[in-house]
Amino acid sequence: KPIGVKPNDLQKVALDNYQFDTALDLLERDIVGGRYVMRQALAKSLKPKLKRKGATETQQALLILAGDRKGTIKLVTTNFDSVFDNAAKKLGMSVLPTYTAPMLPVPKKTKLNWLVYLHGKLPKNYDEASLNRLVITSGDFGLAYLTERWASRFVSELLRNYIVCFVGYSLNDPVMKYMMDAIAADRMLGENTPQAWAFADSDPSDIEDTKVKWKAKGVNPIIYEKTAGHSLLHQTLHAWAKTYQHRVSGKQNIVISNALAKPSGSTQQDNFVGRMLWALSDPSGEPAKTFADYNPAPSLEWLFKAFLDDRYEHKDLQIFGVNANEKDDDKLVFNFVNRHTP
């Protein structure tokens, strides 16, 4: 709409197949003024509405969750806007080093903070040169991930050194395609990469199919129910960040909130038993002490329905500080009480 052009048949096919990078590539070839005109229109449409209520709430949550226990932040975004910069200021992070494509840091384990704009960032006063650096079209992706390979090198190194969680991506997203191709290439060369995770929406009837499709990409999905505007994802991130920010006391609040509930009432949509066991496994022992001292005493159901339930597998060993073998033991099952120690 901003450039007053209707998509032609070829562009419609790309749009119908969710190949937006291809559609934009075709568009900038066809219109008068080409690349610069298309990118100017895109820059205007991507301008964030920062005065809206809660405009940066989710970005603030992600910045909190991107910090480790020592407060070191590692966050990578493929967004072009500056919402994360505004969110950082609201959190009092006055100096948060940012890196913009193609000038990216080496993603080794380090105590340094970084906020990486993997596909470029829109400056306040953009010109043709800065717009050309944005990775938007299929041609841009080809350069960044296949020809010049600076993006694929960064992603490969990132996934070798960190457990990565993707937020806000779909299976059809071209970003996921190029990133997963980079992971697959590494694994073909015998590289071992930590498990990658992704929040993934699904209709209740399609959950198993969604899991299979994500796992085929080499990513472990965290499923949430599909709703308008991904409201459940946003609510989850806000609640998770609040708990994480308060560290041990956040886990104690989970214990206090659920101690008198009966574990049999836990559901896939509201898995309060899973949250409770996560809180109780804190190595400080403080949440467990809160549970033990709770008055009135919690139901014995917690012992028989939760603590002795063989809900854990090989991939869950890390929750309890156990260094697991790289090869999965698909026969391993254990519970909260009867389990391996570090």
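Me: Helices (H or I, at least four residues) and strands (E, at least two) are DSSP runs, numbered from the N terminus. After which helix does the segment holding aspartate 329 come?

Reply: This is a predicted model, where local features need pLDDT of at least 70, side-chain atom pairs count only at pLDDT 80 or more, and totals for chains, interfaces and linings use all residues. Residues are numbered from 1 along each chain as its sequence is written, and side-chain values use heavy atoms, leaving out hydrogens and water. With α15 spanning 301–307, aspartate 329 lies in the segment that follows α15.

Me: Thanks! Is aspartate 329 exposed, partly exposed or buried?

Reply: Buried means under 20% relative accessible area and exposed over 50%, with partly exposed in between (1.4 Å probe, protein chains only). Aspartate 329 has a relative accessible area of 37%, so the residue is partly exposed.

Me: And what is the relative accessible area of leucine 300?

Reply: Happy to look there too: leucine 300 sits in the loop between α14 (286–292) and α15. Leucine 300 is exposed, because its relative accessible area is 60%.

Me: Which strands stand at the edges of the open sheet?

Reply: The open sheet has three strands in the order β4-β5-β6, with parallel pairing. β4 (165–166) and β6 (219–225) each have a single partner strand, so one side of each lacks a neighbour in the sheet. The edge strands are therefore β4 and β6.

Technical notes
Pairing = 2+ DSSP bridges.
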